[in-house]
Amino acid sequence: MNIDERIRKNLAVKYRAAILLGILAGITYSIVSWGIDGFRLSQAHAVLPYLPFAIGAILCGLAGALAGFLTYRFNHFFASFLIWLVTGLWFGWVGNHMQVSLLPTGLRMLSPRVYALAQYPLNETIAASQLLVTAAVTGLCVIGGLLAVNQI
């Protein structure tokens, strides 16, 4: 095996590690945000208790994979800051819109009868807390993403 093959193989391993790190970041956020709630709802025999977790894991896992890939691809502190800032804003948006738009859309596709019963209005209290949730999640994503730059 010559040096060029070793470099390509090492590069592929590092890209996979970066993507896996991003996926784990998204899935961890989903577990904390909706996994525990889904488990408690399943214990109460709720209808589709893990649907918010599934939606969140897919959306946040894909965004995390893209962020991990781009972080390793650019391998620059400021670029990593911007990438994880945008990823944190996306995580916050998903977290804020799960109950009022994403979950009802999933229910409409999977169970229209349940969708008719589960309409959650967006009131002032929820709207006011969305900014705080987005700021906290974005800050944690930026910190975690910048710490991960040196790990890959």
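Mentor: Axes are lines fitted to C-alpha atoms, for helices over the stretch in contact, and angles run from 0 to 180 degrees between N-to-C directions. Helices (H or I, at least four residues) and strands (E, at least two) are DSSP runs, numbered from the N terminus. Two packed helices are described by the angle between their axes and the distance between the axes. Here, helix 1 (residues 3-43) packs with helix 2 (residues 51-74) at an angle of about 150°, and their axes are 7 Å apart. This is a predicted model, in which local features need pLDDT of at least 70 and side-chain atom pairs count only at pLDDT 80 or more, while totals for chains, interfaces and linings use all residues. Residues are numbered from 1 along each chain as its sequence is written, and side-chain values use heavy atoms, with hydrogens and water left out.

Trainee: Are helix 1 and helix 2 roughly parallel or roughly antiparallel to each other?

Mentor: Angles under 35 degrees count as roughly parallel, over 145 as roughly antiparallel, 65 to 115 as roughly perpendicular and the rest as oblique. Helix 1 and helix 2 are therefore roughly antiparallel. The residues of their contact divide into 16 nonpolar, 8 polar and 2 charged. Ala, Val, Leu, Ile, Met, Phe, Trp, Tyr, Cys and Pro count as nonpolar, Asp, Glu, Lys and Arg as charged, and the others, Gly among them, as polar.

Trainee: How many helices and strands does the protein chain have?

Mentor: The protein chain has 5 helices and 0 strands. Its C-alpha trace spans about 65 × 35 × 25 Å along the principal axes.

Trainee: Which residues have the most contacts inside the largest nonpolar core?

Mentor: A nonpolar core is a set of buried Ala, Val, Leu, Ile, Met, Phe, Trp, Tyr and Cys residues joined through side-chain atoms within 4.5 Å. Buried means under 20% relative accessible area, exposed over 50%, partly exposed in between (1.4 Å probe, protein chains only). The largest core here has 18 residues, and Tyr29, Phe91, Val94 and Met98 have the most contacts inside it. Helix 1, helix 2, helix 3 (77-110) and helix 5 (124-149) each supply at least two of its residues. Helix 3 gives the most, with 8 residues.

Trainee: Is phenylalanine 39 partly exposed or buried?

Mentor: Phenylalanine 39, found in helix 1, counts as partly exposed because its relative accessibility is 47%. Phenylalanine 39 and proline 49 are 10 residues apart in sequence and 7.3 Å apart in space, C-alpha to C-alpha.
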